[in-house]
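Please open the structure in your viewer and keep the selection panel at hand.

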Amino acid sequence: MSRDQQLQQQNVARTVRRVLLGLVLMVGFTIALVPLYDVFCEVTGLNGKTASSAQVVGGAPVDTGRRVEVQFVTRNAPGLPWRLDAMEQTVWVHPGEVALARFAFVNVGQELSSGRAVPSVSPSQGARYFRKMECFCFQEQWLEAGERSEMPLVFQIDPDLPEGVNKLTLAYTLYPQGQAIGGYHEQ
Amino acid sequence: MTSRSLPRPVVQQSASEATAGGAAAGHHAHQPRGLLRWVLTTNHKEIGTLYLLFALLMFFIGGTMALVVRAELFQPGMTFILPEFFNQMTTMHGLIMVFGAIMPAFVGLANWMVPVQIGAPDMALPRLNNFSFWLLPVSFTILLSTLFMEGGGPNFGWTFYAPLSTTYAPPSTSFFILAMHLAGISSILGAINIIATILNLRTPNMRLMDMPLFVWTWLITAFLLIAVMPVLAGVITMMLLDINFGTSFFDAAGGGDPVLFQHLFWFFGHPEVYIMILPAFGIVSAIVPTFARKRLFGYASMVYATASIAILSFVVWAHHMFTVGLPLTAQLFFMYSTMLIAVPTGVKVFNWIATLFRGSISFELPMLFSLAFIVQFTIGGLSGVMLAIAPADFQYHDTYFVVAHFHYVLVPGAVFAILAAAYYWLPKWSGVYPNVKLGLTHFWLSVIGVNLTFFPMHFSGLAGMPRRIPDYALQFADFNLLSSIGGFLFGISQLLFVAVVILCIRGKGEKAPAQAWEGAEGLEWTLPSPAPLHTFDTPPEFVPERDSPSRH
Amino acid sequence: MLQLLYRSCGLLLLLTGPALASAINTSSGWNMPPGVTDISREIYSLHMIIFWICVAIAVVVFGVMFWSLFVYRKSKGAKPAHFHENTTVEVIWTAIPLAILVIMAIPATATLKKIYDASDAEIDILVTGYQWRWHYQYLDQDISFFSNLGTPRSQILGEEDKGDFYLLEVDNPLVLPVGKKVRFLFTSNDVIHAWWVPDLAIKKDTIPGFINESWTIINEPGTYRGQCAELCGQDHAYMPIEVRAVTEEVWLSWLDEQRETAAAEAASGEREWTLAELNERGAGVYTTYCAACHQADGSGMPPAFPALRGNPVMTSAEGRDKHINAVLFGRPGTSMPGYGTTLSVNDLAAVITYERNAWGNDTGDAVQPSEIRALLDR
Ligand code: HEM
Ligand SMILES: [Cu+2]
Ligand SMILES: [Cu+2]
């Protein structure tokens, strides 16, 4: 092998190393995208997501000059013999005010089971202003057969909520827990 | 202008023409014969041929599926196949055409032409080259075999949105994921090889800005591949985990988000659509100057336009997601960035036309396909600009209007460019010119067929026909009838292309000289036709002031 | 052949004549429908502006191109010029498209902002996508129902002539008053669907676990048809949308009617039903809600959709609870939805009874509406 060719081989090896490094970086980037997306959603309210753990009460003064309607919607995903009802369909709050809404969970099935309510806020630009101090959606719930349980949602609408938004809908979808997908293969 | 019709100094290549002997070619000396030779080959030309033949085979398999789809859509009603099978056909058609036909065809062209255009003896990593090719037949055998598995093959569209492709997918989905992984690895390895070749194996004195545009566009495409293929691999791995290991990346039940899937997919997907068009730009930029007998207008701006398209393609992905409920600011951002990407695309078209302007134009087969490319691709680009207008996209999205758009850029666009490349370089590959009569028939039937198929789709889409449906309202019947007739015409006329290729392979036809086309520039035309198996074992002479496409 | 001839005539008519009498939307048959809301008209005019701009660009670009091809033919002895760059023209043809796009972006931005302002709506409707039907819930009126494909299967299979609104008709349309701001909330029970009504210019994805929103004010009474626009599985083509826009009085009386029907249903749920009654009603419910997957003859489409005929859950006494549970609450991670909150107890009891007696399942088992009521109200 001539010197030129040797040099060329070294250069090729260097290029390959660099491209592989780039490749590894992109793989890392892809993996990082998942948590980044969640953080991004929480910060911006993208896709109507709210924080997944309790937030502290915001200190801004209550804006008594403005009222916002908060509407609750509940839904059951397939597979959980529970009922979830919002005890109030809507509540009116002043931005900054700490408010409470109650939800009733009933297990109408024949055995102990667990479920989790997944929240979603619309319009999504309102999601980041929806602060939750206490919510059953932060963890999964267990109910005995026939058990009924009332659970509170303590929340606050941030006074920074954009002017145009005067109604927020919070939807809870109740999902069974501990079920892997592909469950239908088991008959 | 230094005319290329002047014979240039013939490059030394006695060593390469001998099958055995010569130090440089020594490692090729004991080549196996027959089938095994093709299996084990590390020669860039043979691997290029394998890629091209594989792509052609996939083009026909995917095309047959498209015709099954068009047959069902020939008239309203459930007439021919069941909806479930229809979904498998549309999905497989898309996957095979994208990953099995168009991408491998471009890789095949790169394998053949990049080394000879930069004066290199082979690709930088010949054994890796062999491996990346053979991954493809394995991948697509697996993919096709899913059709025969219990529950059928993939039925969730080539964009495989979760949760239709996870929780609700057929059991064969894990095999689909495996197949996509293999195809992805093949693309990545191919891209590494191409980058290493272009950056290191150029003949002395050839700077980057002296490279033919086909090489430039492929260099940029290869970087796009390196950047986005890992994202595709990541997203299908997450699907695999969701399906088999109980994670919930894309499942709201476990705290995941189906929309995350779409963000990841399109972060890959939009650059992917440019992966399928940039090399086509390179091809057309080679052919148009040849037959206009005039140098490419704006070489530098072509390179910059290609690079800016590639960079912008990373920040437009959510234009595929205008209806998922993005916040207003995101909607505006992606609308503006998508509109912006049309500008460098326009620059390219203007440059080609400026090349034609005051040229000396003749209409050989490669030129015909390239001119048709320019017109038809521009139609697709213009409908792309319409789609970029987010409020209007609420009406266009997921209708046949979108189907018309992307088929215009991909079939009369990318596929026509590939056909143009084949007609352009077949004399170099085989030593004979493609049969003109067959070629002309092929060209005109293809142009008529492709436009008859896809132009009416603009109308059915605007009038309200959603895509991916096996049955439709009576009001869409006429347009669908036309599309089906056009589809069969286009499909069947591709058999003529096979005839052209077979004639060339068997050496039937007018013998081509080294300089096969009068106005052609580039190192490939200094090689005899057909190009010998080993070329440029000693680097050819390259004088930028005389040979560079960017010379003054 | 004759059909072909007929079709080509139809096409000519389509391209030359006005909209057909049985138009499915306000489209001319080959262009975007202008629709019946202020937003839809704005979108239509945006579409037409950008369309004509594109046509103009195409005419100029292709004009220059074909003119060059014609004039500078080699066969005519054209000699090539030698220029190959020119910074001025390159700057110009970058700047002009940029300017056109900026001009386009201004009205597009304005329209988009309006579309995003759903404030002060008077009626809220929750639209839920199911494989393969829509469910509508009037959130403040306590009314909800499924909306299923209305086209009979015989038309789809070609055993009968297809009607004017083939595949675009439903059993229970969404009825809305004109002139009132309606806010839609969208979600899905299973996979992603998209709710699209061209005349309202609304297309929004319905995403399981998430909600989206959109709004409309319909200007003119009429029937507006649409379809699911996101691939959602096998029967994606068979889940149309029908919106009936009526005056406010008509709407109010329609609401009363709905409430009365619901009350009557509830009342008849108290009494004892005969096996024959249940089976008869159950057959209808089965065809509408179950047959797409489990097939009319109960044979299913394994592995995705299990067979019900001869299924031990349906044929044995031990399976009874499991059977009822599956129909009421669905099966997690599968296409099997729970109907407990969406169908009436009468429908539920009837369809369960039917499944336990049809296709040779023959258990003779009658499941009473009152039994279902008791289960759901626990
Ligand atoms: C001027 C440049 C272009 C613009 C502005 C543009 C814009 C768009 C937009 C906005 C969409 C989304 C439409 C929708 O789903 O509602 C789209 C779809 C698509 N475009 Fe383009 N496009 C351009 C060029 C291209 C090129 C060059 C290609 C490929 C060679 C391409 C391939 C596609 C494909 C495959 C889809 C549809 C993917 C799917 O949903 O299956 N586009 N384009
Ligand atoms: Cu895109
Ligand atoms: Cu659908």
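Which residues of chain C does UniProt list for "domain: Cytochrome oxidase subunit II copper A binding"? The entry, which is unreviewed, gives residues 120–257 of chain C. Please note that the model on display is predicted.

**Chain C: the annotated span**

Select residues 120–257 of chain C and colour them by secondary structure. The span is 43% strand and 10% helix, and its end C-alpha atoms lie 27 Å apart.

Next, display the strands of chain C as a cartoon.

Now select strand E1 (residues 123–130) and strand E5 (residues 181–188) of chain C. These two strands run parallel and are joined by seven bridges.

**Chain C: the copper ion (ligand 3)**

Centre the view on ligand 3. Which atoms coordinate this copper ion? The donors are SG of C:Cys228, the O atom of C:Glu230, SG of C:Cys232 and ND1 of C:His236, at 2.1 to 2.5 Å. The angles subtended by the four donor atoms are 87 to 131°, and the arrangement is therefore tetrahedral; the criterion is that all angles lie between 85 and 135 degrees. Along the sequence, the donor residues follow the spacing C-x1-E-x1-C-x3-H.

Are C:Glu230 and C:His236 buried or exposed? C:Glu230 has a relative accessible area of 3% and is buried. C:His236 is likewise buried, at 2% relative accessibility. The cut-off for buried is under 20% relative accessible area.

**Chain B: the copper ion (ligand 2)**

Move to ligand 2 and show the side chains around it. This copper ion is coordinated by B:His270 through ND1, and by B:His319 and B:His320 through NE2, at 1.8 to 2.1 Å. The spacing of these donors along the chain is H-x48-H-H. B:His319 counts as buried, with 14% relative accessibility.

The distance from the copper ion to the iron atom of ligand 1 is 4.6 Å.

Select residues 20–37 of chain A, which an unreviewed UniProt entry annotates as "transmembrane region". In the model this span is 100% helix and 0% strand, with 25 Å between its end C-alpha atoms.

Finally, select strand E1 (residues 68–76) of chain A. Seven of its nine residues are buried, so the strand is largely enclosed by the rest of the structure.

Two pairings of E1(A) can then be examined:

- Strand E3 (residues 90–93) of chain A runs antiparallel to E1(A), and four bridges join them. A:Val68 stands opposite A:Val93 in E3(A).
- Strand E9 (residues 167–176) of chain A pairs with E1(A) in the parallel sense, over eight bridges. Here A:Gln71 has A:Thr169 of E9(A) as its bridge partner.

Note on methods. Residues are numbered from 1 along each chain as its sequence is written. Chains are lettered from A and ligands numbered from 1 in the order in which they are written. This is a predicted model: local features need pLDDT of at least 70, side-chain atom pairs count only at pLDDT 80 or more; totals for chains, interfaces and linings use all residues. Side-chain values use heavy atoms; hydrogens and water are left out. Donors are N, O and S atoms within 2.8 Å of the metal (3.2 Å for Na, K and Ca); water is not among the atoms, so sites may look incomplete. Four donors count as tetrahedral if all angles lie between 85 and 135 degrees; four count as square planar and six as octahedral if opposite donors are over 155 degrees apart and all others between 65 and 115; anything else is irregular. Buried means under 20% relative accessible area, exposed over 50%, partly exposed in between (1.4 Å probe, protein chains only). Two strands pair if DSSP finds at least two bridges between them. UniProt positions are given in the numbering used here, feature names are shortened, and annotations may be inferred rather than shown by experiment.
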